[in-house]
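Dear colleague,

I am passing on the structure we spoke about, with its sequence. Please look it over first, and then read the notes that follow.

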Amino acid sequence: MAPTNSLQSWLTYLEAVHPLSMDFKLARIQTVYARLNLAPIAPLIITVAGTNGKGSTSTTIANLYRAAGYEVGLFTSPHIHRFNERIRLNLEEVEDSELIKAFEQIEAARGEITLTYFEFATLAAFIIFKEAKVDVAVLEVGLGGRLDSTNIVDADIAVITPIGLDHTAQLGNTLHEIAGEKAGVIKPNAFVVTAETMPDSAIIDKVQQEQATLYINGKDYHYRILDNEQFEYQWQENSVIQLSAPKLQGLHQYQNAAAAISALYLSQLIQNPAFSVKPFDQATIQAGLQSVKLEGRFQALTRQNSPRVFLDVTHNPQGAMALRELLESIKQKSNQASPNQSIKIVALLGMLQDKDAAGLVSHLTSVIDEWITVSLEGDRGQSAAQLAKKITPLLPQKPHQTSSIPKGCIFALSHCEDYDIILLFGSFHMIAESLTWLQENNYV
């Protein structure tokens with residue numbers, strides 16, 4: 001029997017409704033979606049697929065459209081602290097009561113059909129966006145694209161972020177195969193933005209098949225990072241605009257921001273009587289970029305007379321390359337500011353079993369000085385010992401092992417000077433518990 005008293009009891013119930021945590025067959029959720037009579041969920045739908053940068057790009061798009069005066073719904077995953085983070089109206093988390101009401105509607109409509117946790121979440125977002133009458137629904141794909149729950153609606157604009165090897169068991173063992181799955185979000189006559197300068201042929205083929213219009217980084221829109229960390233952006237033949245650095249750190253965030261800005265420019269081309277096109281300018285874009293907030297994307301925390309701490313959700317080799325650039329830059333600046341101190345970076349790493357730990361670590365051995373592996377709980381988690389066994393051949397010395405994140409933090413702090421750096425990364429599962437412990441211990 002479905003619960004009625006609390007959001008947490010609902011979430012516990014949803015985990016047990018379907019026998020599998022992931023089930024990439026859209027027929028079940030499409031049937032329930034039709035029963036709920038939700039189409040269309042919004043006059044403008046923007047879907048964001050890709051391997052890395054989906055969350056950053058989706059959140060930035062939502063902030064840009066909100067700055068331009070639109071009513072915006074944002075659906076992302078996974079969450080860090082609260083399920084409510086997944087569904088936002090005008091950038092604010094929805095209330096428990098709204099989620100419970102949506103779950104009750106889904107439960108009544110599904111009848112004999114079982115749905116996964118993520119499918120319930122997707123439909124709940126659609127219900128909430130529909131009832132709130134948002135102008136724009138921004139949907140971050142959960143996994144892949146073609147068979148993801150978010151793909152039961154047709155995106156007017158598809159944004160595809162950089163593609164790398166991840167979730168190979170579900171998506172394929174080559175970049176071309178994975179790109180083909182991501183390209184599944186491209187619908188007939190849609191606008192498509194690719195953050196990459198040379199998109200895979202699978203994307204180009206899908207664009208042609210659907211008679212969509214493709215906008216490529218470096219060809220149809222351009223950005224250039226300036227010496228002062230500001231950047232220039234140009235949409236097609238429009239005037240170049242100069243913008244402050246994105247709020248999220250890293251060179252890759254300029255790429256994400258540029259793709260997001262391009263999605264805003266495409267709002268001017270939407271021909272739907274239900275969608276009211278709103279003008280925007282450089283100040284609008286600047287305001288949208290500077291309002292972005294997103295935890296776990298190289299998030300910095302500090303405490304007086306203590307090492308700096310960074311939290312990051314990077315969990316695949318492609319993301320590790322961007323992370324390495326960030327760490328190298330910070331280490332260089334720190335050494336220049338304090339030439340008499342030898343800055344050390346200590347990494348606390350926790351990863352799920354199905355992730356490429358060796359591939360990730362191989363890109364970071366040149367910049368991280370000391371490693372600590374930590375155990376992650378859950379069906380997909382792995383012990384510190386299992387993770388250490390995978391990465392030890394790549395390291396000059398065996399990593400330390402710890403059974404929990406708090407113990408790992410304590411160990412790392414005990415092995416660092418005040419001027420050193422501690423990095424906690426490897427999984428979304430790392431971030432919530434790490435943040436809680438650090439904040440309880442006066443890091444802000």
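A residue is called buried when its relative accessible area is under 20%, exposed when it is over 50%, and partly exposed in between, with a 1.4 Å probe and protein chains only. This is a predicted model, in which local features need pLDDT of at least 70 and side-chain atom pairs count only at pLDDT 80 or more, while totals for chains, interfaces and linings use all residues. Residues are numbered from 1 along each chain as its sequence is written, and side-chain values use heavy atoms, with hydrogens and water left out.

Phe 275 counts as buried, at 6% relative accessibility, although its place is in the loop between helix 9 (251-265) and helix 10 (282-290); helices here are DSSP runs of H or I with at least four residues, numbered from the N terminus. Leaving aside neighbours within four places in sequence, Phe 275 is in contact with Pro 43, Leu 44, Tyr 70, Asp 135, Val 136, Ser 267 and Ile 270, where contact means heavy atoms within 4.5 Å.

Lys 182, in helix 7 (residues 175-182), is also buried, with a relative accessible area of 3%. A polar atom of the Lys 182 side chain lies 2.9 Å from the backbone oxygen of Gly 50.

In helix 1 (residues 7-17), the buried residues are Leu 7, Ser 9, Trp 10, Leu 11, Tyr 13, Leu 14 and Val 17, and what covers them includes helix 4 (96-110) and helix 5 (117-132).

On the helix 14 side the contact is made by Ile 405, Pro 406, Cys 409, Ile 410 and Leu 413, and on the helix 15 side by His 429, Met 430, Glu 433, Ser 434 and Trp 437.

Cys 409 is buried at 5% relative accessibility, and Cys 416 is buried with a relative accessible area of 10%.

Key: Helix = DSSP H or I, 4+ residues; strand = E, 2+ residues; numbered from the N terminus. Polar contact = N/O pair within 3.5 Å; in protein donor to acceptor, adjacent residues only side chain to side chain.
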